[in-house]
Amino acid sequence: MAASGMIMQNIFIAKQYPKNSLFVNQYRMGCSSPYLSSMLPFQGGKFAWDGTTSMQLVNVSKYQRTSVNRGLVLCNAAPSAAVLALEKADFLKLQNGSDIRGVAVAGVEGEPVNLTEPVTEAIAAAFATWLKDKRKDDTSKHLSISIGHDSRISAQTLQDAVSRGISSVGVDVIQYGLASTPAMFNSTLTEDDAFLCPVDGSIMITASHLPYNRNGFKFFTSAGGLGKADIKDILERAADIFKNSSVEAYTRNKASASVKRVDYMTLYTSDLVKAVRRAAGNIEKPLEGFHIVVDAGNGAGGFFAAKVLEPLGAITSGSQFLEPDGLFPNHIPNPEDKVAMKAISQAVLDNKADLGIIFDTDVDRSAAVDSTGREFNRNRLIALMSAIVLEEHPGSTIVTDSVTSDGLTTFIEKKLGGKHHRFKRGYKNVIDEAIRLNSIGEESHLAIETSGHGALKENYWLDDGAYLMVKVLNKLASARASGAGSGSRVLTDLIEGLEEAAVAVELRLKINQSHPDLKGGSFRDYGEAVLKHLENFIDLDPKLQEAPVNYEGVRVSGFGGWFLLRLSLHDPVLPLNIEAPTHDDAVKLGLTVLAVVKEFAALDTSALDKFVQLS
């Protein structure tokens with residue numbers, strides 16, 4: 001593979017563009033990606049600048065040369081007007097489990113911007129100092145952090161602010177531009193000097209499938225994604241940096257740090273291609289003749305068609321929404337969304353394709369559709385991946401989240417001969433539990449949520465939507481190479497025997513935090529009280545049976561189905577999942593819950609009321 005083009009020249013740190021309707025229209029009409037470079041005047045190899053950013057730039061006339069050209073900009077932190085007039089910011093409210101999420105674009109009523117450039121700079125500086133503290137025993141290497149982003153309209157602005165924050169503490173920055181979350185983690189493991197890898201840490205700028213005005217950050221080291229405690233630590237550090245921000249604070253570290261631009265996605269996608277070729281016995285084009293359509297939902301996953309499938313010989317005509325557009329004009333990039341799944345199913349049928357593949361915004365989740373339009377998502381996707389993994393690792397444990405079906409348990413344990421370990425919601429919880437099980441001698445190779453987050457032990461326990469689909473492609477390619485079958489029927493046959501409920505609903509019961517019934521307590525304490533009361537009630541009803549092993553909420557079987565009432569990981573909400581063979585049975589389960597929770601005045605049961613009345 002030619003190395004030219006791996007690293008792009010003449011990068012810049014862009015100024016903040018007005019976040020209003022004019023900017024949005026410019027973006028939609030003039031750009032198919034969020035790089036926005038045409039808005040910055042560039043003259044004869046020099047930067048035409050108006051002095052509005054907090055980064056001083058020095059253009060390097062002769063670029064460093066090894067096997068590639070490297071765009072290099074030296075930067076020294078300098079204060080911006082925004083830094084000198086900092087407003088109060090509540091950093092801890094930006095935590096969303098093991099991620100950071102906030103509002104980055106103004107214009108949505110009731111959603112003030114809290115992920116500003118100064119806040120972002122402080123968070124980036126905090127991550128860099130956190131990383132320095134972790135690596136303080138190894139002073140031989142100058143630290144570097146890679147930055148990537150999805151297609152959101154605030155991506156460029158936040159990338160520049162992150163670059164300033166990292167550089168301000170003397171850590172090198174390597175920008176990847178449009179990238180996937182899994183690729184960012186991969187960059188901490190890749191050993192390739194031409195791509196300036198491995199990096200010491202990585203930041204992905206994304207808010208997954210949330211609306212266009214939101215954005216956020218995911219952080220990685222070679223040990224994996226950071227956990228909740230690490231995120232809290234970083235936000236507390238960021239609050240201190242923000243509070244003490246001044247000219248002196250931002251110029252205290254005079255170390256020169258470089259900002260470079262690397263096309264890392266070229267390397268990442270080539271590794272995916274190699275994985276499929278290996279599975280098919282090193283055939284150059286193992287998918288030749290397969291017609292596979294991709295729906296990227298205008299997120300970051302459009303690369304999969306041209307950079308992965310086509311080199312493997314697949315036909316990708318009919319693929320849709322591959323162009324990055326941070327306003328997501330066609331559908332929400334979310335494999336759990338019914339509209340999104342209908343879109344990819346229809347594309348498969350319209351194009352008479354063999355398979356459809358859909359990704360979320362930052363490609364850490366995925367789902368598929370067979371040639372008949374049948375969806376492989378949620379329980380079906382877990383069943384499919386379990387069948388593939390248990391062929392390779394018989395008898396091992398499949399770890400899932402808490403809302404998986406009873407039918408899936410039967411399928412994994414009775415049909416496939418594996419063990420189903422149903423744990424908590426939250427992809428990090430599921431992954432960490434699989435790692436824990438392996439540490440105590442219980443073999444597990446797959447951790448997967450109904451949301452489409454799936455992580456494999458062979459892939460460093462990284463939840464990678466693209467790699468998950470590579471495992472599916474491997475099955476197609478290897479089956480044809482061995483003469484065992486061709487087309488997506490191979491996949492459909494793998495989940496034959498999976499029992500699926502006729503009715504499956506999720507209802508959200510919101511807790512009113514201002515209601516006097518809370519008596520000044522937290523919504524979490526109130527929610528736990530609801531669950532305890534439900535648990536006591538179930539013990540008195542012989543028609544109902546509480547799950548003997550359960551790690552989250554109250555899970556109960558009865559009337560041929562089951563329900564799970566649990567407390568949301570982050571929000572004042574009690575989600576209620578019900579699955580049953582008929583509507584009448586589902587209503588009976590719903591009425592059972594309603595009879596208990598109606599005693600709690602601060603709980604909004606309107607969604608449950610409507611379900612039992614309409615049904």
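This report walks through a predicted model of one protein chain, from its overall make-up to a few local details.

## The big picture

Since this is a predicted model, local features need pLDDT of at least 70 and side-chain atom pairs count only at pLDDT 80 or more, while totals for chains, interfaces and linings use all residues. Residues are numbered from 1 along each chain as its sequence is written, and side-chain values use heavy atoms, with hydrogens and water left out.

The chain holds 18 helices and 29 strands; these are DSSP runs, H or I over at least four residues for helices and E over at least two for strands, numbered from the N terminus. Of its 615 residues, 58% count as buried (under 20% relative accessible area, with exposed meaning over 50% and partly exposed in between, using a 1.4 Å probe and protein chains only). Now take contacts (heavy atoms within 4.5 Å) between residues at least 6 apart in sequence: 70% of them join residues at least 24 apart.

Have a look at helix α3 (residues 117-134) and helix α4 (residues 155-167): their axes come within 7 Å and cross at roughly 45°. That makes α3 oblique to α4. Here the axes are lines fitted to C-alpha atoms over the stretch in contact, with angles running from 0 to 180 degrees between N-to-C directions. Under 35 degrees counts as roughly parallel, over 145 as roughly antiparallel, 65 to 115 as roughly perpendicular, and the rest as oblique. The crossing of α3 and α4 is right-handed, meaning the near helix is turned clockwise from the far one by less than a right angle.

On the α3 side, the contact is made by E117, T120, E121, A124, A125 and A128. From α4 come T157, L158, A161, V162, R164, G165 and I166. Sorted by type, the contact residues of α3 and α4 are 7 nonpolar, 3 polar and 3 charged (Ala, Val, Leu, Ile, Met, Phe, Trp, Tyr, Cys and Pro are nonpolar, Asp, Glu, Lys and Arg charged, and the others, Gly among them, polar).

## Salt bridges

Side chains of opposite charge can pair when their charged atoms come close. The structure holds 28 salt bridges, each a side-chain nitrogen of Lys or Arg within 4 Å of a carboxyl oxygen of Asp or Glu. One of them pairs D133 with R237, the closest N and O atoms being 2.8 Å apart. This bridge links distant parts of the chain, with D133 in helix α3 and R237 in helix α6 (residues 228-243), 104 residues apart. D133 counts as partly exposed at 37% relative accessibility, and R237 is partly exposed at 22%.

R135 and D200 also form a salt bridge, with their closest N and O atoms 2.8 Å apart. R135 sits in the loop between α3 and β9 (144-149), and D200 in the loop between α5 (181-186) and β11 (201-205), 65 residues away. R135 is partly exposed at 27% relative accessibility, whereas D200 is buried at 4%. E284 and R277 meet in another salt bridge (3.2 Å, N to O). Then there's a network: E336, D360, R365 and R378 are joined by salt bridges that share partners.

## Backbone details to spot

The loop between α5 and β11 is also the place of P198. The peptide bond from C197 to P198 is cis, with omega near 5°.

W461 has phi near 55°, a positive value in a residue other than glycine. W461 lies in the loop between β22 (454-456) and β23 (462-463) and counts as buried at 14% relative accessibility. For F559, phi is near 55°, again positive in a non-glycine residue. F559 lies in the loop between β26 (554-558) and β27 (561-565), and at 28% relative accessibility F559 is partly exposed.
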